[in-house]
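Trainee: I have a new model to look at. Can we go through it together?

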Amino acid sequence: MNPDKIRNFCIIAHIDHGKSTIADRMMELTGTVSKREMKSQLLDSMELEREKGITIKLAPVQMHWQDYVLNLIDTPGHVDFSYEVSRSLQAVETTVLVVDATQGIQAQTLANVYLALEQDLYIIPVINKVDLPAADVEKVTAQIINLLGCKPEEIILASGKTGQGVPEILDRIINDAPAPRDLAVDVSGNLRDQRVASEVSKPPVTTGRRERVPEILDAKARVTRALIFDSYFDDYRGVVLYVRIFEGSIPKNSEIRMMAAGTNGLALEVGALTPKMTPAASLEEGSIGYIVTNLKTTREAKVGDTVTLAKTPASTPLPGYKNVLPFVYAGFFPVSNDQYQDLKDAVEKLAMSDSALHFEPENSPILGFGLRIGFLGLLHMDIIRERLEREFNLDLVITNPSTNYEVTTSDGEDINIRSAADLPDQSTVQEIREPWVKGEIILPQNMIGGVLGLINEKRGHQTNLSYIEDRAVIDFEAPMANLLTDFYDQLKSITSGYASFNYELSDYRAEDLVRLDFLVAGNHIDALSLMCHRSEADALGRAITKKLKEVIPRQNFEVALQAAIGAKIIARETIGAYRKDVTVKIHTGDRDRKAKLLEKQKKGKARMKRFGKIDIPSEAFTVMLKRD
C-alpha cells in the first residue's frame, strides 16, 4: 500500500463524550461493518464497558474511505489509562478531539489535548451531540477556540447518534491530515525525519498543519521498528500485539525481538483489524495491525516497547517507553479460605492480559490468605474487582486501598512499603516519603470557594487558577493517599456533579507520617491499619472507630474499639453488650438471690470477654470508602 494513501488517527475525549459512538458511525459509513453485524459501542467488547458506558480497553480498526486506508484507534478516556493513551497518540499522526456540546471541555479533555500537543499531532476539533436540546454550541465553540486557537470554521459539528458531521470528519482526515511519518531514532533517542529535503527535486507537499517531503529510499537496507501500543493474552493463540510499523516491515513467521523486555518471539500471524482479524503476508511501513505471537504473558511485550526483527535488529528503540508501576494497592481476600487458590488462579489469568497488574500473597490473622494487588487507580481496581466477582464467581473481601511509601531506616536503607502493616518499628525509621499528585479540576466559576476548601482539607494547596470562558480551572497539588477514598464523591457533592477531575503522579515528599492501628477487643487488626499525617491522626481515629461501632455487630460481652499510634491510644468507642435479664425467673423480692444471679452473669461475661471470638463483617474493612 502506498503510504501516501494511509491515514492513522485516534479519537480522544473525556469520559462519555461519545468517542465510541462516533467510531460506530464511521464504521457504518465506510462499510467496514455490515448493518446486520452492527451494534452500539461495537469496539467496546467487554460487558463492563457497555454497562458503565466507558472505554476501558483501546481498540484499533481499519476502514476504507474513497481510495484511502484509515486506521482508527479508539482510546480510553480515564486518567488511570493515560499511559496507554499516550502510546496510542505516538502511533498516529492525527487526532479527532471530541467535546460534548452539553458539557463542554472537561478535565480529561485538557489532559488528552496536552498529550496530543506533546506528540505534535494534527488536531481536528469536533463538537458532538449537537442534536440534543441542551446543546450549547456557541459556548463550547468559544471554549475550543480559547483552548486550541483555531478558527470557528475548523470545528466540525457532529452527532454520533444521527451520523451528522461524520462524513466531514473523514473528508478532513483525508484532505488535511498528514500521511504516516517516516520516523527513525538518532543516537540521542530523539525522533527525527529520515527523508532528506535537499535530495528532493519536488517542493514539499503541505497537508494540514505539517509539511511532508516525498520519500527518498536509503541506499542501505532499512531496519524494522514497530511500536506496541497495546497487547493482550488470548487463551487459544497466546499474546497478541497491536503495533504501528514506523520502519521496515514484519513478515509472517519472522522472528521478532522486544527491545525493552529483551525477549524473542515468533510472528505466527500478522494482519489488520477490520475490526475482525484479517491475516496478511506482512505488515508494511506506515500501517497499523496485529501480530499473533508465541509469548505466554504480556509482561514479555509491554505497551510502549519497540518490536524489531531478530535477524536484523535495530540499535536504538523508539522513545517514550516506561515501565508503568501501580501506585494504588488493596488486599483481596476470599470470604472462604477454600477459594484462595481460585482467587490466585483468576488474578494470574487477568495479569496475563494486563501487564500493569502486580500482585503478591498476603496473610491476615483475621481474613486468612489473600493477595495484595497493585492498580493504576481506583477505576482500574473497581474493574478488576467486578471481573473477579462476575467472570470467576468469587465472593471477596477488599481492604481499604492505600498507596506505596518510600521509607529510609536509621541504617540508611531505602525500602518501599505497600501497606501500613509493612512499616518497620517507628524507632528505626528516619524518614517516610509519600506520593503527591498534580491535579486539575474544571468547574463552574461560582463553585470555586467550596472546592478550594476541600483541597485544603485534604492537605493540598492550589498552584494556579485560570479560566476557560465561563469555567474555572484549578491546578493543585495534594498527597495521593488523601485522594484515594472519598475525594471524588465529595467533589461531586460540593459541585452538584458539574466538576471534572484529572490527576497525574508528581513526586515523593517527606512528611510527618505515622501508622494508625485499630484494636478490636484488644487485638490488633492489621488489615485496618493505615498511614496518615500526624496532624490528621486524632480526627481520623475518632471517625473510623465511630464507623466501626456501627458496622461490627453487638456481642454478649462489651467490645472496645480503639485507635492507637504505637502504644498510645488516641480514640475509643465501646460496643455495649447484649443484656439478658437473669432475674426474670425470680418471683420474690429476695435481694440476695438476685445479687447472686447478677454476680454469676458478670463472671460469665468477663470469661466470655477473655475467650469470646468477634465476627468482623467484610464492611468493616472498607469503612474508609464510605462517607456516611
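Trainee: Which residues form a positive surface patch?

Mentor: This is a predicted model, where local features need pLDDT of at least 70, side-chain atom pairs count only at pLDDT 80 or more, and totals for chains, interfaces and linings use all residues. Residues are numbered from 1 along each chain as its sequence is written, and side-chain values use heavy atoms, with hydrogens and water left out. The positive patch is formed by Lys585, Arg593, Lys596 and Lys600.

Trainee: In which helix is Arg593?

Mentor: Helices are DSSP runs (H or I, at least four residues), numbered from the N terminus. The run holding Arg593 spans residues 591–611. That is helix H13.

Trainee: Is Arg593 buried, partly exposed or exposed?

Mentor: Buried means under 20% relative accessible area, exposed over 50%, partly exposed in between (1.4 Å probe, protein chains only). Arg593 has 47% relative accessibility, so it counts as partly exposed.

Trainee: Why is helix H1 described as largely enclosed?

Mentor: Helix H1 covers residues 19–29. Among its buried residues are Ile22, Ala23 and Met26. The buried residues pack against several elements, including strand E1 (6–13) and helix H6 (166–175). H1 is largely enclosed by the rest of the structure because the buried ones number eight of its eleven residues.

Trainee: What percentage of the chain's residues is buried?

Mentor: The chain has 628 residues. Its secondary structure comes to 13 helices and 34 strands. The buried share is 54%.

How values were computed
Patches are made of residues with over 30% relative accessible area and no salt bridge: like charges are joined within 9 Å, nonpolar side chains (Val, Leu, Ile, Met, Phe, Trp, Tyr) within 5 Å. Accessible areas come from the Shrake-Rupley method with a 1.4 Å probe; for residues, only the protein chains shown count as cover. A salt bridge is a side-chain nitrogen of Lys or Arg within 4 Å of a carboxyl oxygen of Asp or Glu. Lys and Arg count as positive and Asp and Glu as negative; His and the chain ends are not counted. The place of a charge is taken as NZ of Lys, CZ of Arg, CG of Asp or CD of Glu. Helices (H or I, at least four residues) and strands (E, at least two) are DSSP runs, numbered from the N terminus. Contact means heavy atoms within 4.5 Å.
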